[in-house]
Amino acid sequence: MFYREAGDFRTTYAEDQQTFPIRFDRYRYYLVLFAAIFVVPFVINDYWANSLLLPFLIYAIAAIGLNILVGYCGQVSLGTGGFMAVGAYACYKLMTAMPDVSMFVHVILAGVITAGVGVLFGLPSLRIKGFYLAVATLAAQFFLVWLFNRFPWFYNYSASGQINAPERDVFGVVITGPNAEAWATYAFCLIFTIFSAIVARNLTRGSVGRKWMAIRDMDIAAEIIGVNPLRAKLTAFAVSSFFIGISGALFFAIYLGAVEVGEAFGIQKSFLVLFMIIIGGLGSIFGSFAGAAFLVLLPVLLKVVGVDWLGWPTDIVAHLQLVIVGALIVLFLIAEPHGIAQLWRVAKEKLRLWPFPH
Amino acid sequence: MKLKLATLAVAGMMAAAPAMAELVFPSLSYRTGPYAAGGIPFADGYADYFTMLNERDGGINGVMTSVPECETAYNTEKGVECYESLKDSGGLVYQPLSTGITYQLIPKTTADDIPMHTMGYGRTSAKNGEVFTHTFNYPANYWDGASGAINYLLEENGGDLSGKKIALVYHNSAYGKEPIRTLQELSKKHGFELSEVPVDHPGQEQKSQWLQIRRDKPDYVIMYGWGVMNQVAVQEAANIRFPMENFIGIWWSGSENDVLAAGAAADGYKALTFHGVGSDFPVFDDIQTHVVDKGLAAGAGDQIGTVLYNRGLYAAMLAAEAAKNAMEIHDTKDITPAMMRDGMEALDMTEEKMTELGLPGFGPTFKVSCENHGGNGLVGVTQWDAEAKEWTLISDFSETDRDVIGPLIEEDSTAYAAENNIEPGCS
């Protein structure tokens, strides 16, 4: 009924293998894209951009990055915060060193630099896996934060150790600093989010992604059938860190504008992104978006309901937030261990068959 | 899902918007998280003072005040969310009580033409009002604190610190790093040896740092800590039997929360301050009658008279005075944030004014101007009496070293202006 497939014929392999094979699904996707690109920028204000949409888009990129590593390649990582910090500091150094270059270049270069650092810290993954790898990446997290705190070169010898994003533009439109318009910052992040999602989706369904998944499912078997574990794992680390670096750069330059490494990129950031992909669904691009939305928007929603509508004291609402989000996470994982993405898949299956469930 | 959220949030914002003709003083408080012990009393004091004004005088010059709170948990992301969500309510002045959030908001508030008051924290060089037009940090800043501590030690040592060893124990963040440059300059000037001992957030783990202090045997320890770090440091200092009277904390390391945990061992610990301690001021009687007795006290109502409560109250008082000033300057009762900024810039806190407000001698007298957003930077020292469980002011509010701090502020603010294409100047 909702997914009417009658008359939806596919006559080529390309059509058969597209991301959204059902016409209704595809049109819905186009509609969301259309609204995000052509509607939202015209109605957005500061509150919407800075409180909801920017963090959602930026965390979605980080979640996509981590999902590639954990969800698709099976390499557990707790170093997300550290890699985001690499992206942020790389972007800062680039921004201050080359003020005239477009922000696009800076952000992408920041991603490339983070990819390099990610590969470096991915090297141990060839020998260790599972919890041991988690601990190794945890070490990366602490090391990177310490590094950016310890050496003043990274923060241009500023007295306080904070990094501040100076005003930079893209094609003459200011997108960092306080004078950036809400629509410009949103559009800039949206471009990167769409780009990340499309690249990630296509990588994961191509041969590279199949190799990652083979390693995830059983590394020895994968090696026997000809997957080079060294190359597969390191490419996963590189691609994952690339996206995480981009999200770190956007997080610092566009969203916050000033960052202190221990506070913004501490271990809790790693956990937050990890929770996003676990709740959203491991090994799913849609899951990354769903998880980011869940953890970014739900606390704000609870705050609006509790403080603004019901007029409860802020501390009680803040504590309730922790309780409710925590309880929902537990409930979610009991009811559907594969996350929101799997819930969505199941719902879709049911809708396709409805009203004839048998 | 998104649409539902959208309607909910929009409706929420509309519900939150207060009635017109009200003076809105947003409180970016933190009653949860690792620094809650410091955030709660400050937020209570801030809210109670405005409640008292409403109950006693019917607001400021007849206009009622409101203090919407937003919970930041000392987290910069939540701080930004709070700032944006309260912006539409017409907040007159923001006091984020966090150096991290201050750094986020300095450019944003400047662009939005809303003043921000970072009393005793935030970016020190914001004292230079020619560059930081919308940020105020009167009556004292971190560098005044560093200099005040050294001045006090100079006084204790007959004006000579050469050859002495001073250790700085600091929170390894923007806040804790602020005094380093000043102390380095001062060590050159006075010939003492400075060692820097960073403690990572949140500061529960300080064993190795205090081991280092025990080995180095510094004559004095200065601390820039906040939250749980303070209590741990006081306890650790007691454990290595460091003489407490040689241990001086900045004002954020000098509340009851920081010393009570260590019990009798904390006796004699000192801390800097820029306002009075205790509840022995006439204004507290008014708070008792008009706020506490009517059951309107913010929070649990058990913080009245504590150091951080007084600081919140002091911040509220300064904001209220600036609002009065703004009404006078612009000759209207319906002031905007931009007018509030002018009121803050023309603030002149005299002893008569303080006495009139029921706070005689509560804080140093100071005058704000366009060039000087930081006041006169007078700093006093308090000491903890563990038996009586109270802080006492043991020195006057005295001058800090302008010759050292002035050029540093000039240097830092000029660098900021150059980075951000700001043309310094007073218009």
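This is a predicted model: local features need pLDDT of at least 70, side-chain atom pairs count only at pLDDT 80 or more; totals for chains, interfaces and linings use all residues.
Visitor: What should I know before I start?
Guide: Residues count from 1 along each chain as its sequence is written, and chains are lettered from A and ligands numbered from 1 in the order written. Side-chain values use heavy atoms, without hydrogens and water, while local features need pLDDT of at least 70, side-chain atom pairs count only at pLDDT 80 or more, and totals for chains, interfaces and linings use all residues.

Visitor: What area is buried between chain B and chain A?
Guide: Buried area is the accessible area (1.4 Å probe) that two parts lose on being put together, summed over both. Carbon and sulfur atoms give 57% of it here, and the total is about 3700 Å².

Visitor: Which residue of chain A meets Glu81(B) in a salt bridge?
Guide: A salt bridge puts a side-chain nitrogen of Lys or Arg within 4 Å of a carboxyl oxygen of Asp or Glu. The count between chain B and chain A is three. With Glu81(B), the N to O distance is 3.2 Å, and the partner is Lys303(A).

Visitor: Why does the radius of gyration of chain A agree with a compact globule?
Guide: The radius is taken over C-alpha atoms, and the globule rule is 2.2 Å times the number of residues to the power 0.38. For 358 residues that rule gives near 21 Å, which agrees because chain A has 21 Å.
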